[in-house]
Amino acid sequence: MIPIVSVKPLIAVLVSLAVIPVLISARKPNVREAWTFAAAFGKFAIVASMVPAVMAGRTLEFSITTLFAGIAFKLEVDAFGLLFALVSSFLWIVTSAYSIGYMRGLDEHSQTRYFCYFAAALSATIGVAFSANLLTMYIFYEILSLSTYPLVTHHQDREARSSGRRYLLYIMVGSIGLVLPAMVIVYLLAGTLDFAAGGLLAGSLSAVPALFLLLMFVFGFSKAAIMPVHAWLPAAMVAPTPVSALLHAVAVVKVGVFCVFRVITEIFGPGMLHDFGYGPLLCAIAAVTILVSSFIALSQDNLKRRLAFSTIGQLSYIVLGAALLTQSGMAGGMLHIAMHAFGKITLFFCAGAIVVATGVKNISEMTGIGKQMPATMGAFFIGSLSVIGLPPCGGFISKWHLAIGTIEADQLIMLAVLLLSSLLNAAYFLPVVYRAFFCTESESLFANQIKEAPGWCLAPPVLTAVASILLFFYPQPFLGLSRLAVTRILGG
Amino acid sequence: MSSQIPAFIIVVPLLAALVVNIAGWARRSLCFPTAVCALAAAWISTIIVMLRVSREGDIIYRMAGWDPPWGISWHIDHLNALILILIATVALINIVATRSTAAQEFPDRLGIFYCLYLLFVTGVMGIVITGDVFNLYVLLEIASLSGYALLGMGGSRASVSSLNYLFMGTIGASLYLFGTGYLYIATGSLNMVDIASILPTLENISLIKVSFVLCLVGLFMKMAFFPLHTWLPNAYSHAPGPSASLIAPLTTKVMLYVMIRVALTIYQPDFAFSQMALQDIVVWLAVIAIISGSILAWKQDRLKRMLAYIIVVEVGYMAGGFWLGNQTGVTGAVLHIVNDAMMTLCLFLTAGAIASRINADAFKHLQGLFRRMPFTMTAFMVAALSIIGVPPTCGFFSKWYLLSGGIEAGHYEFTAALIISSLINVLLFFRVVEISYYEPFDNHQENEQQGIQEASLDMLLPLLATAGLLIVLGFYAHSLVTWIIEPAVSSLFTGSL
Amino acid sequence: MEELTTLVMAKYNYWGVVILLGIGLYAMIAKNNLVKKIIGMNIFQTAIILFYISISTKYGASIPIIHHGHGHTIHPADYMNPLPHVLMLTAIVVSVATLGVALALAVRIYNHHDTLEEDEVLSQLTTDESTQA
């Protein structure tokens with residue numbers, strides 16, 4: 001089908017950038033926040049307006065300029081990109097609301113700078129989602145790294161500085177040291193960097209160079225937090241919670257796995273990888289990350305750190321989905337981008353709400369908090385159900401697809417990994433909920449003196465928790481989009 | 001009249017230098033406007049020349065109408081025209097940006113400063129535009145002498161560093177002259193095109209090889225190519241701000257241009273790359289230059305010295321890229337000449353802006369700069385990203401060509417050195433960012449109430465314009481390569497002039 | 001031995017140039033006094049000037065001045081090549097200008113430090129730096 005040439009993808013990317021001058025010049029915080037909402041709603045609206053066309057099987061594209069011979073700075077909206085963009089742009093609306101409650105609740109400094117860089121980071125995220133080729137994706141990936149650095153290091157204290165160093169080091173060394181040379185090599189081999197259904201490099205590489213290139217990409221996109229290049233993620237938890245919630249549960253990390261997914265499916269292609277037998281290798285890499293991170297999560301007392309390690313594991317589910325190279329596996333990976341996003345963001349919102357209301361950060365100090373903050377902990381419970389993968393939450397659907405995928409790919413050991421890690425997820429989430437709700441009066445550390453988190457901090461997690469449940473019953477358009485995307489990858 | 005425009009490029013700044021010197025005695029307030037008008041006229045002439053070259057092909061301008069090889073002729077092709085525009089742009093932006101600093105630092109010698117400024121610009125423009133090898137030596141020395149004087153205008157440390165630069169630079173220029181002498185002995189001509197047509201017919205190859213090596217070593221000394229770079233860090237870091245931000249972006253890049261011109265136009269690619277068998281040595285030297293320059297930059301604790309060592313690294317990129325010997329590498333080197341001149345200008349202007357507000361240059365004095373001078377630091381970040389090679393700034397695009405060239409030529413060590421130095425650059429620049437962003441560690445809420453103490457507007461606007469140009473050059477890199485650099489490089493490689 | 005003597009004597013001008021270059025370079029590097037360094041630099045440049053001049057001679061040729069008017073055929077072999085001389089006039093000017101700049105810088109250094117010995121100047125600068133930092 002001929003792609004539709006439309007400027008919508010470009011507008012979707014630029015909406016938040018355009019708002020930045022307004023944010024800087026806004027005199028009153030309420031005006032500033034209103035404009036952030038306007039940008040977020042605008043972005044979501046434009047992204048959503050592209051759904052009908054894409055669901056009908058078309059793609060939208062827009063070429064901005066030529067960067068090198070054979071490589072354009074080009075945006076293309078296909079099913080997979082649209083799925084990711086929908087998730088990110090919707091959750092930005094929710095996170096902006098949450099940010100208001102959080103930043104004002106803690107009286108944070110430099111809020112204008114915060115909202116500006118947030119807007120820039122979302123621009124870059126949508127840019128990655130809508131990239132038509134590897135170089136465009138790299139450009140937006142780098143812009144994302146740079147615009148999230150001030151957000152991670154927002155507190156500007158010593159801890160922020162050392163975490164910022166780690167963040168930057170892992171991400172830049174990966175992108176400049178591994179992805180850039182790999183990209184140049186791909187360009188020299190193929191003459192272009194456009195994503196192609198069936199794999200750009202299909203047929204032009206032999207086994208060993210392909211393996212090196214593949215590993216350079218997989219570990220180079222360190223935002224995907226595949227072990228051992230994962231250590232930046234727990235360090236990035238020094239950021240304010242809205243940052244951790246949206247960026248490190250949704251935008252930044254999903255950009256990482258999105259890039260890895262794209263490279264696996266549209267640069268190398270399932271055919272080539274299957275022929276060389278690299279599927280099981282990638283599955284193994286993902287499996288190691290899943291299991292090790294789950295075990296580490298068990299030992300963390302700081303709630304955000306536990307969530308960080310949980311995220312690391314969940315991200316590798318998506319990589320596992322791609323590595324399975326089968327229809328259900330890939331669909332499961334793509335769906336997990338959406339389902340995990342909603343579930344994890346709920347969990348992070350709850351963690352932040354607890355900090356705003358009580359100042360408590362460690363799980364051991366949260367005994368009995370459920371009685372005082374029932375809505376928050378209720379949302380936390382639902383979020384954890386989704387991440388564990390139990391019905392009636394959306395996470396069940398993506399994990400189900402992944403499980404089918406392991407059977408399709410004849411990798412029953414991965415099925416075992418999935419089941420084991422779900423058990424581990426339960427092991428590190430459910431006790432938190434249990435201790436929060438079910439404890440005696442004498443054990444409870446919160447004797448009736450705190451109330452729920454402020455409204456702006458409470459509504460978002462409740463909303464996303466409800467969404468997680470709704471997604472179980474109505475997984476469209478994500479399910480439809482993922483099916484379309486997989487058809488394109490495997491059939492095209 | 002319009003056919004004389006190439007001459008304006010040299011003559012206008014030259015005459016203006018004289019006028020400015022007199023104005024310096026008579027009425028000091030006239031110095032700056034005269035200089036700016038002269039540079040603006042030169043800039044417009046370079047644009048016209050470029051347009052003419054794109055439309056009609058190479059321009060050959062004969063001085064006083066005498067034919068070569070007896071007369072001196074200037075030969076302008078796409079490559080020259082591009083570098084001419086670059087020089088004119090850098091000179092113009094710099095003179096506007098450093099107006100107040102120059103007035104402050106040289107209150108009684110303003111006329112002399114601008115006179116030397118214009119002489120330097122005349123010299124470098126002349127180097128680029130000429131088609132005669134001896135004329136090139138003369139203009140080389142004009143540029144160098146005014147450069148030494150400009151760099152020595154600071155305190156005593158500047159004089160010592162400049163004298164050291166003078167010694168090394170004179171050796172370099174003399175070696176170039178020596179090599180030219182051998183060329184003259186062999187061919188009897190001083191005109192580049194003429195020599196190029198005679199050289200392939202000669203039999204005494206060892207004479208030509210020696211002349212090439214002499215010229216090359218001389219040029220390496222002038223462009224601060226490792227290991228002949230030792231004059232550069234001192235000379236550039238001790239120099240007064242207005243001089244450093246003119247000379248640092250231009251001198252080494254123009255010498256690189258001369259090397260490209262000498263190797264490709266006079267000696268021809270076949271001889272220069274294949275017969276000389278120098279490629280491997282030079283590329284390895286470039287690799288060492290890149291790595292050692294990066295490590296030495298890391299060890300510095302003052303901003304301008306770090307920037308000076310980064311120039312050494314960049315020269316390594318360009319020289320190594322050229323000596324890869326393939327069209328991609330040469331394209332990357334030429335594009336990097338353009339990009340690096342702009343990046344270096346931006347960085348040195350930033351250093352000047354910071355110096356105008358804070359009287360010290362060591363890193364520990366840069367605390368809290370992001371809050372106090374946000375616009376300056378934004379420009380600094382853009383330039384830093386360009387040096388690191390982050391798209392969409394221009395530095396990424398030239399690095400791409402250099403990387404591809406390295407892989408194509410099989411010089412993987414060069415590619416690896418480029419990647420490693422990009423990573424070290426991340427460390428270098430984020431060290432500055434860390435100090436200026438995080439420290440002092442006391443309450444950030446309070447610090448916000450303190451005002452912004454930005455550099456003055458006449459310094460800030462050119463600085464921001466330069467930073468903007470870095471991004472524009474990035475987006476237009478492909479057009480630049482397709483319309484200007486590729487025609488230049490391919491015609492140099494096929495030998496058609 | 002014969003060949004060596006012929007080699008040296010036939011190309012004595014080049015050998016002279018090389019020796020002068022060596023002297024100049026030695027002076028620039030090894031001498032401590034700034035003026036001696038400058039003299040060394042001048043010797044270096046002069047060596048190259050002599051090189052050019054020496055290549056302009058021809059056997060049995062006379063100075064390149066035509067004094068018998070027009071109309072007679074001119075045999076280039078009768079006259080020395082004037083072009084290198086002309087080029088070297090320019091080069092001498094350049095050399096003098098370089099000398100001027102170098103001496104001006106040396107005067108500045110002397111005014112600041114009261115000495116022209118390089119090691120003393122450097123030690124003064126390093127003590128300045130350590131008192132400053």
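Where in chain A does A:Pro228 lie? A:Pro228 lies in the loop between α8 (207–220) and α9 (232–235) of chain A, where helices (H or I, at least four residues) and strands (E, at least two) are DSSP runs, numbered from the N terminus.

Hello everyone, a word on the basis first. This is a predicted model, where local features need pLDDT of at least 70 and side-chain atom pairs count only at pLDDT 80 or more, while totals for chains, interfaces and linings use all residues. Residues are numbered from 1 along each chain as its sequence is written, chains are lettered from A and ligands numbered from 1 in the order in which they are written, and side-chain values use heavy atoms, with hydrogens and water left out.

Back to the backbone. Most residues other than glycine have a negative phi, and most peptide bonds are trans. The bond from A:Met227 to A:Pro228, however, is cis, with omega near 10°. In the loop between α6 (134–152) and α7 (158–190) of chain A you will find A:Gln156, which is not a glycine but has a positive phi of about 55°.

Chain B has a cis bond too, from B:Pro391 to B:Pro392, with omega near 0°. B:Pro392 sits in the loop between α17 and α18 of chain B. Those helices, α17 (residues 374–388) and α18 (residues 394–409), pack at about 5° with axes 6 Å apart; axes are lines fitted to C-alpha atoms, for helices over the stretch in contact, and angles run from 0 to 180 degrees between N-to-C directions. So α17(B) and α18(B) are roughly parallel, meaning an angle under 35 degrees. In contact (heavy atoms within 4.5 Å) are B:Ser386, B:Ile387 and B:Ile388 of α17(B) with B:Cys394, B:Gly395, B:Phe396 and B:Lys399 of α18(B).

Now, the interface of chains B and C. The contact takes 31 residues from chain B and 36 residues from chain C. About 2900 Å² is buried between them, 77% of it from carbon and sulfur atoms; buried area is the accessible area (1.4 Å probe) that two parts lose on being put together, summed over both. In chain B, the residues losing the most area to chain C are B:Arg157, B:Phe167 and B:Tyr184, together 20% of what that side buries.

And salt bridges? How many does the rule find across this interface? It finds 0, taking a side-chain nitrogen of Lys or Arg within 4 Å of a carboxyl oxygen of Asp or Glu.

Thanks, everyone!

Conventions:
Angles under 35 degrees count as roughly parallel, over 145 as roughly antiparallel, 65 to 115 as roughly perpendicular and the rest as oblique.
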